[in-house]
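The following exercises are to be worked with the sequence and the model at hand. Each task is followed by a solution in steps.

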Amino acid sequence: MGASSRLRTFQYLPLWEAAGFDVTLSAFFNKQYLEEHYAKRPIDKGNVLACYKRRWKILQQAGDYEYIIIEKELFPFMPFGLEKWAFKKGPQYIFDYDDAVFHNYDLHGNKWIRSLLKDKIDQLMAKADQLWLGNQYLAARAQEAGAHNIMDLPTVIDLDKYQLGPEKDNTTVKIGWIGSPTTLKYLNQLKPVFEGLKKEEAFTLNIIANGQGIGLTDLEKTFKWSEEEEVELIQQLDIGLMPLNDTPWEQGKCAYKLIQYMACGLPVIASPIGMNKEVVRHGVNGFLASSHEEWTQYLKILLEDPYLRQIMGAAGRKLVEEKYTLTHNWKKIQSKLNK
């Protein structure tokens, strides 16, 4: 149910097993918590406490393993001292980050949390035997924290699952966005752009989330995301979007949806924030847009030029094949494990 786990842990399991490893998975939060969280229902505090107890109990068997790979942290919102005592001699501890989770603490609205936990992730990074980091913003923070053995490991796609879609008819161009309900706020900020463009251009806005839209009933089509159908839904698009805000949290985001779009042969338009600037080669595989005027300008260019969409889409696909595949990342992981 969690994107980070799905992409940075679960999709690697067949590769670990094929390499001869026995793998044990241990989620921190359970299904009940995730369902409450995503539905914005009251959180059962007793259930959360049980999650902490279960994690502590599992860590008593840490010495049975050669490697322990931890997504983000062992005990959320607990001080470093507790996590430090959980480390056991024997296994290598590998911490994996694809978001700027340190900003959950050092930028928290509660001064006591800021005071107690602002350095927690830095301390974990410094103590880790290895760090697998999704982008350069995270790597810069790790280096400042005194971490060692840092590996660049972007969030990637399985190229076998992402193929080019059917040939487009170019009658009504489909602009698309994929993401979680909590990130629809970024797309919502482009409403004036879409409303202005509809007076001149024929297009639909396909929103792949949980069936929600942004209130453009005459333009938008909403789709429920599912792991089984997401590639097919992206393949139906002509242009992929990734707007972001310019805040510390967004600076640490991986550009995964851009990689998804490009893997399906789509040109993209994105905000020039964080890793987006690494993935989008302006004018080659897409455009970087900083203002409503630029979003309008670049969307208009792509809406009116099917040949340019094809050329940019091909360039994006080539970049993904070269840098952002599961196979490429697995080679990096193997090289670290063999040292």
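A residue is called buried under 20% relative accessible area, exposed over 50%, and partly exposed in between, with a 1.4 Å probe and protein chains only. The model is a predicted one, in which local features need pLDDT of at least 70 and side-chain atom pairs count only at pLDDT 80 or more, while totals for chains, interfaces and linings use all residues. Residues are numbered from 1 along each chain as its sequence is written, and side-chain values use heavy atoms, without hydrogens and water.

**Exercise 1. Aromatic pairs**

Task: Classify the ring pairs Phe87–Tyr93 and Phe95–Tyr97, and state the burial of these residues.

Solution. 
Step 1. A pair of aromatic rings is described by the distance of the centres and the angle of the planes. Rings of Phe, Tyr and Trp (its six-membered ring) pair if their centres lie within 6.5 Å; planes under 30 degrees apart are stacked, over 60 edge-to-face, and the rest tilted. This rule gives 14 aromatic pairs.
Step 2. For Phe87 and Tyr93 the centres are 4.5 Å apart and the planes stand at 55°, so the pair is tilted. Both Phe87 and Tyr93 are buried.
Step 3. For Phe95 and Tyr97 the centres are 6.3 Å apart and the planes stand at 10°, so this pair is stacked. Phe95 has a relative accessible area of 0% and is buried; Tyr97, at 1%, is buried as well.
Step 4. A charge sits over a ring if NZ of Lys or CZ of Arg is within 6 Å of the ring centre and within 35 degrees of the ring normal. The charged end of Lys127 sits over the ring of Phe87, 5.1 Å from its centre.

**Exercise 2. Strand β2 and its partner**

Task: Determine how β2 pairs with β1 and how many of the six residues of β2 are buried.

Solution. 
Step 1. Helices (H or I, at least four residues) and strands (E, at least two) are DSSP runs numbered from the N terminus. Two strands pair if DSSP finds at least two bridges between them.
Step 2. β1 (residues 67–71) and β2 are parallel and share five bridges. Ile69 stands opposite Ile94 in β2.
Step 3. In β2, five of the six residues are buried, so the strand is largely enclosed by the rest of the structure.

**Exercise 3. The open sheet**

Task: What is the strand order of the open sheet of six strands, and which are its edge strands?

Solution. 
Step 1. The order is β7-β6-β5-β8-β9-β10, with parallel pairing.
Step 2. β7 (220–224) and β10 (286–288) are the edge strands, each pairing on one side only.
Step 3. β9 (residues 268–270) and β10 are joined in the parallel sense over three bridges. Ala270 has Leu288 in β10 as its bridge partner.
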